[in-house]
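Please open the model in the viewer and display the side chains of the aromatic residues.

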Amino acid sequence: MPWPPLASFFSPCLRRSDMEDSLLCNWGAFRAILAILQWWAFNVTVIIMNKWIFQNLDFKFPLTVSCIHFICSAIGAYIAIKFLKIKPLIEVDPEDRWKRIFPMSFVFCINIVLGNVSLRYIPVSFMQTIKSFTPATTVILQWLIWGKYFEWRIWTSLIPIVGGILLTSVTELSFNVAGFCAAMFGCLATSTKTILAESLLHGYKFDSINTVYYMTPFATMILALPAMLLEGSGVINWLHTYPSISSAIIIILTSGMLAFCLNFSIFYVIHSTTAVTFNIAGNLKPHHHPRLKKFVLGPAFTRLTSPSSHPQVAVAVLISWLIFRNPISAMNAAGCAVTLSGCTFYGYVRHKLSQQQPPGTPQSPRTPRSIIGMLPLINDKQDKA
């Protein structure tokens, strides 16, 4: 009687292994979707809450709101690293804290403040559309100041973004010069921070929690005095005149805690998705690694750095309109749609160009490089507990 094939003895194991791989794959996909959805939810919630604070609570003090967010995030990061041990502390030389972290914190602080100032004066829909202009400002700054070369396809992909922004601005029914300028300068601050991150933070492997841990104390120190001088008397007057002070303070502090939760959700997304998935979900830069375990964020707050992912922007615009009912004309909606479509097209072009050049290929000043390559903050320094 002939012996059965050897594979037949192992076929149950093979089938079991395939089933286990399938289950793991399905769980991984579900976890990734859940992580991205919670990231979007925190991002949209923080934006809507800030607008609610400025408009419905009549707390029109963007510097103070930003300072509260910094303090809450600093406390949250300290607890997450020192007590909960969620992530090991990355040791930074004292000299580097002032020469590298402090300048980044300054730009980070300006970026936060400008974002909140724009929310103070213009609708969420208009502010989010303008923030989508960040890819264009980043490319232009690299070209003008650093002499970087970009392929014609990158420049072409920016045309619908610029055109959409112009159409949205011209047709915005709630247009405000101060809010518009704050949002535009916020784009410049975002681009500057993205570009400077490569040189200033070179050699340190930062994650989102460590980024918040180091930057928010400096940002609080930078902003505290201007907030007290410019808004202190107004805040004191608001405390004495606002009718429901207890509930209002709870809402303001909750927005600060959610700002930290937003950063923690980034950390969770990083450990739950692949590089391709996260690039589709948002415009952050993974290093050349099959998983995002060694991922570096230029931003500490996603909402404050690169533009948010396009479905998320659309959700924020829709929810803000449902809550605040700011008037939106048909042409204004068309401008917003053109801008978001342009951002999607830009991301597609950037992705195709990145596939054409193998990872690790050295780049000369004349070698085309996309914005996604501007944050190689990961180097050889290891995490230290």
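The count of aromatic pairs comes to 16, where rings of Phe, Tyr and Trp (its six-membered ring) pair if their centres lie within 6.5 Å; planes under 30 degrees apart count as stacked, over 60 as edge-to-face and the rest as tilted. This is a predicted model, in which local features need pLDDT of at least 70 and side-chain atom pairs count only at pLDDT 80 or more, while totals for chains, interfaces and linings use all residues. Residues are numbered from 1 along each chain as its sequence is written, and side-chain values use heavy atoms, with hydrogens and water left out.

Select Tyr 78 and Phe 83 to see an edge-to-face pair, 5.9 Å centre to centre with 65 degrees between the planes. Tyr 78 is partly exposed at 40% relative accessibility, and Phe 83 is exposed at 59% (buried means under 20% relative accessible area, exposed over 50%, partly exposed in between; 1.4 Å probe, protein chains only).

Next, select Trp 98 and Phe 102, whose ring centres are 5.5 Å apart with planes at 40 degrees, so the pair is tilted. Both residues lie in helix H3 (residues 94-121), four residues apart, about one turn of the helix; helices are DSSP runs (H or I, at least four residues) numbered from the N terminus. Phe 102 is partly exposed, with a relative accessible area of 25%.

Proceed to Phe 59, Phe 61, Trp 238 and Tyr 242, which ring pairs link into a cluster.

Finally, select Arg 120, which lies over the face of Tyr 121 at 4.5 Å from the ring centre, and Arg 325, which lies over the face of Trp 321 at 4.4 Å from the ring centre. A charge sits over a ring if NZ of Lys or CZ of Arg is within 6 Å of the ring centre and within 35 degrees of the ring normal.

Definitions and conventions. Helices (H or I, at least four residues) and strands (E, at least two) are DSSP runs, numbered from the N terminus.
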